[in-house]
Amino acid sequence: MSEGTVLILGASGVVGSASIERFAREGWNVVAASRRRPQFVDESLYTFVPLDLSSADATREAIAGVPQVTHVVFAALYEMPGLISGWQNEEQIARNRAMLANLLDALDATGTHIEHISLLQGTKAYGVHVQPMRIPARESQPRVEHRNFYWEQEDLIREWGPAHDTGWTIFRPQFVFGLSTGAAMNLIPIIGLYGAIRKHQGESFAFPGGASYVAEAVDSRLMAGALEWAATAEAARNETFNITNGDVFEWRDLWPALADELGVEQGPDSPLQLATWLLEQEDVWAEIVREHDLEPTTIAELVGESHHYADFAFAYGSDGRNSSPAFVSTVKLRQAGFTEVIDTEQMFVDLLRGLREQRILP
């Protein structure tokens, strides 16, 4: 028996594509809307609606044609080229706000009652990119005021929700990883590409980053589970939750497991600016694709903006002296009833293996 019909915006992204599978498995009718069709997802699980949320007219037309929607997952995101520099850019903030506003206006036009909407934020809500975070960051802490589209979208939904008797839930994940390529922020293809190219060139799988630090991860499948839970859980209604896999990781500690899965030899650290280096390897990658009979893809198609994210995530160029820890408390989420966890090392292995099974990586 169907739980209802969920509209997933940003369905081709890391979280969106995982959410299709989770909601469908739990008995929901799924409508997937995004500019491109989701990858690596059984097309029988969803109805696809091509949609560019930045256009109000296109959004209204698309939403008018979808089946009766009861729930919404808003996982759509616009990031500017270069990624990091756009995080406080006024154009980016305005566009992300407009994307949600266009959706809400389109839903109004249909007259459909939406029972629940979920939004995604992240640790930038705690100002991780502009100042040291409180440790651990808790949802109850005062808002860190800085220019960020999170607040624009949150204010919209806090006003729209009560006016339409619609519940909402906001999630703040740490690093999110998933089975998706061409994304703004997904390091799985980056790690796989780097390993494959180094192996092809006879070089070791050296860690390319800077200073060590401890972090928390979120598997996109875990994130999808939380979104499905929140859609109907009374304890999630009108609440904000941090979310992580439930453990912590350090890149150098993970590196041997990644090397083993990719079949490459690990070597000593060798700092490398992946944002530049990867795009210079198109000819090498073309050779690898031909040699291993992989799906025909270019590096640019695979990385999206994630090669810029890699340098940020691996702390390339950092000696650690100006860094500060970034940990979030997930106690509130556990106490509310969502208790799923995933081992982070196994997550990396599973996702890299997934790209190999899809013949994206050798």
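1. S12 touches S34, R36, R37, P38 and S180, leaving aside residues up to four places away in sequence. The model is predicted. S12 sits in the loop between β1 (5-9) and α1 (14-25). Its relative accessibility is 10%, so S12 counts as buried; the cut-off is under 20%.

2. Next, the overall make-up. The protein has 13 helices and nine strands. Its C-alpha trace spans about 60 × 45 × 40 Å along the principal axes. A compact globule of 362 residues would have a radius of gyration near 21 Å; the protein has 20 Å, so the two agree.

3. How much of the protein is buried? Buried residues make up 56% of the 362.

4. Take the contacts between residues at least 6 apart: 78% of them join residues at least 24 apart.

5. Charges come next. The protein has 27 positive and 50 negative charges.

6. Helix α7 covers residues 251-262.

7. Which residues of α7 are buried? They are W251, L254, W255, A257, L258, A259, E261 and L262. The list thus includes an acidic residue, E261. Cover for these buried residues includes β7 (175-177), α5 (187-200), α11 (306-313) and α13 (344-357).

8. Now the backbone. Most residues other than glycine have a negative phi, and most peptide bonds are trans. The next points list departures from that pattern.

9. I135 and P136 are joined by a cis peptide bond, with omega about -10 degrees. P136 lies in the loop between β5 (116-120) and α4 (149-163).

10. F40 is not glycine, yet its phi is positive, near 55 degrees. F40 belongs to the loop between β2 (29-34) and β3 (47-50). Is F40 buried or partly exposed? Its relative accessibility is 23%, so F40 counts as partly exposed.

11. R359 also has a positive phi, near 60 degrees, in a residue other than glycine. R359 falls in the segment after α13. At 34% relative accessibility, R359 counts as partly exposed. Helix α13 itself is among the elements that cover the buried residues of α7.

Notes. Residues are numbered from 1 along each chain as its sequence is written. This is a predicted model: local features need pLDDT of at least 70, side-chain atom pairs count only at pLDDT 80 or more; totals for chains, interfaces and linings use all residues. Side-chain values use heavy atoms; hydrogens and water are left out. Helices (H or I, at least four residues) and strands (E, at least two) are DSSP runs, numbered from the N terminus. The radius of gyration is taken over C-alpha atoms; the globule rule is 2.2 Å times the number of residues to the power 0.38. Buried means under 20% relative accessible area, exposed over 50%, partly exposed in between (1.4 Å probe, protein chains only). Contact means heavy atoms within 4.5 Å. The place of a charge is taken as NZ of Lys, CZ of Arg, CG of Asp or CD of Glu. The expected span of a helix is 1.5 Å times one less than its number of residues.
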